[in-house]
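Work through the following exercises with the model open beside you, and try each task before reading its solution.

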Amino acid sequence: MNIKEELVSEIASIVGEDNCSTRIADLYTYGFDSSIHHHDPDVVVRPRSTSEVAQLVSLAAREGIPVVPRGGGTGLCGAAVPIHGGMVMDLTRMDVIKEVRVNDLYCVVQAGVVYDRLNEALAPYRFFFPPTPGSGEACTIGGMVATNASGMRAVKYGATRDYVLGLEVVLADGSIIHVGTNTIKNSSGYQLERLFVGSEGTLGVITEVTLKVAPRPKSSAMVLAAFDRLEDAGACVSNLISVPLIPSATELMDDICIRAVNKAVRAGLPDVQAICMIEVDGEPDIVSKELRTVEEVARRSGASTVQVSEDAKQMARWTSARKSVMSALSRLGDDLVSVSLADDMAVPISRIPEAVVAFHRIAEENHVIVGTYGHAADGNLHTKMLLDPCSEEAWRRGERAVGQIFDTVISLGGTVTGEHGVGMSKAPYMMRERPDAWGTMMKLKKALDPQNIMNPGKLMQWEGGIICHLRYPCPDLSSSR
Ligand SMILES: Cc1cc2nc3c(=O)[nH]c(=O)nc-3n(C[C@H](O)[C@H](O)[C@H](O)COP(=O)(O)OP(=O)(O)OC[C@H]3O[C@@H](n4cnc5c(N)ncnc54)[C@H](O)[C@@H]3O)c2cc1C
């Protein structure tokens with residue numbers, strides 16, 4: 001679709017010339033998120049207020065133009081890629097932290113506030129917003145709500161959805177609604193704020209969020225346990241939970257991820273089949289007690305070495321090594337890049353050993369390199385495939401492996417996405433996972449967006465395969481771009 005010049009002028013009159021662009025470079029740049037996909041929009045807008053968002057959406061509704069809300073563009077499954085062109089709405093100028101009320105356990109922020117910035121603002125009050133996504137320095141609160149983001153602390157502190165008390169949303173007709181409350185408890189009718197969690201921009205534009213906040217733990221400590229068998233590392237995680245002991249984080253990395261991180265950032269991690277980094281937090285005496293339990297469970301589960309640290313610098317080094325996995329994998333092989341395919345499954349915690357072993361077998365059978373890591377204590381595993389992005393054969397092998405990985409996850413009672421969302425990259429498998437939810441999702445979409453202008457073609461509306469709209473110049477796949 002091409003947007004007429006008069007319309008671009010009308011858009012510019014709402015947000016100002018500087019915040020409306022049809023320059024080729026901007027359209028190209030805003031055609032990406034952090035996934036394998038790309039498609040140019042027709043216009044990029046950067047509103048500053050809810051009123052501007054409402055005017056822009058009203059105009060889009062009048063003209064039947066697709067609207068794709070966008071936060072930090074860190075999404076990994078193509079959810080913010082405007083596959084039908086139209087208007088990409090960058091919300092990062094809406095970055096005001098409007099209220100911090102720790103005595104009421106909440107804060108109110110505009111959707112474009114970046115996760116780390118919010119936690120910097122909450123730190124002096126000794127509170128925090130806990131989900132801790134790996135992308136915290138760039139992702140926005142609006143994007144986190146729209147994907148139900150979470151991270152390494154979800155096992156103890158939950159995901160974004162557990163903190164959303166209320167929302168301001170601009171609906172597809174341009175009207176502004178307020179859902180939820182500023183109270184910790186609320187039984188006041190349908191919990192509509194939950195409807196927008198995980199909606200990936202398909203039901204409206206989230207402009208403001210009321211978030212519950214949590215007190216910061218007073219202290220923390222970490223154990224780094226090394227294993228000669230991947231399945232022992234998986235078993236360690238569920239052995240820990242069944243003590244019972246709920247760690248604040250448990251990060252598992254297999255040998256491929258360890259090698260990649262040691263090569264790329266000289267992390268000095270043990271050269272073994274798998275490691276678990278286990279963090280406990282809370283009151284200092286409880287942390288010391290739990291640390292001993294973690295050490296004992298790790299040894300009982302078959303750890304060959306166990307290192308313990310309460311030193312903030314050492315813990316930061318380990319955490320930073322884990323955070324660098326994604327980028328490090330791309331530097332493991334000369335012609336290979338790490339791509340987000342089947343990157344974010346979750347299984348019941350006790351099924352982790354079976355899942356990680358199955359992923360390795362599937363990789364071997366399909367001749368693809370798969371690095372497995374993740375926040376294992378909440379059942380969430382990431383896999384990244386290393387492949388030559390210019391080879392159709394490599395993509396096809398990857399696609400086959402993805403299908404088998406997702407079939408395994410579904411058969412283990414899991415979900416194809418634990419935190420990154422669906423977008424396009426997981427859409428066909430989401431339908432396989434929940435065939436009976438599809439109809440209800442479609443009805444909700446039609447009721448709230450009858451013209452289908454909000455991020456059209458995503459989630460349950462996606463009809464293609466996953467190797468499509470590729471950002472890479474793969475000549476044999478150019479017809480699917
Ligand atoms: C290095 C790296 C590490 C990551 N680690 C994690 C992790 O640990 N945990 C995790 O959950 N995710 C992780 N992610 C994925 C990503 O950061 C999250 O999905 C994040 O929540 C996306 O936020 P964003 O602001 O970048 O949203 P975008 O990518 O801009 O958008 C994502 C989706 O949300 C919609 N959206 C954005 N803003 C709004 C709004 N205001 N209203 C309505 N819809 C909106 C978009 O239309 C799109 O569908 C990681 C990504 C990277 C690149």
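**Exercise 1. Determine how the span of helix α10 compares with the expected value, and which of its residues are buried and which exposed.**

Helix α10 covers residues 284–300, and its 17 residues reach 24 Å from the first C-alpha to the last, close to the 24 Å expected at 1.5 Å a residue, where the expected span is 1.5 Å times one less than the number of residues. Helices (H or I, at least four residues) and strands (E, at least two) are DSSP runs, numbered from the N terminus. The model is a predicted one, in which local features need pLDDT of at least 70, side-chain atom pairs count only at pLDDT 80 or more, and totals for chains, interfaces and linings use all residues. Residues are numbered from 1 along each chain as its sequence is written.

Next, take burial: a residue is buried if 20 or more other C-beta atoms lie within 10 Å of its own, exposed if 12 or fewer, and partly exposed in between, with C-beta atoms placed from the backbone. By this criterion Glu 290, Leu 291, Val 294, Val 297 and Ala 298 of α10 are buried. They lie on the same side of α10 because they cover an arc of only 135 degrees around the axis, the arc being that of the directions from the helix axis to the C-beta atoms. On the other side of α10, Asp 285, Arg 292, Glu 296 and Arg 300 are exposed.

Finally, the cover over the buried residues of α10 includes β12 (219–227), α8 (230–241), β14 (274–282) and β15 (303–309). Just after α10, Gly 302 takes a positive phi of about 105 degrees.

**Exercise 2. Describe the shell around the ligand, and find the element that gives the most to it.**

The ligand is surrounded by 37 residues, the closest being Gly 71, Gly 75, Gly 142, Gly 143 and Gly 201; a residue is near a molecule if its C-beta atom, placed from the backbone, lies within 6 Å of it. The elements that contribute two or more residues to this shell are β3 (67–70), α5 (141–147) and β10 (205–212). Of these, α5 gives the most, with five residues.

**Exercise 3. Classify Gln 461 as buried, exposed or partly exposed.**

Gln 461 lies in the segment after α16 (438–448). Because Gln 461 has 15 C-beta neighbours inside 10 Å, it counts as partly exposed. Gln 461 and Met 424 are 37 residues apart in sequence, while their C-alpha atoms are 9.3 Å apart in space.

Conventions:
Contact = placed C-beta atoms within 7 Å.
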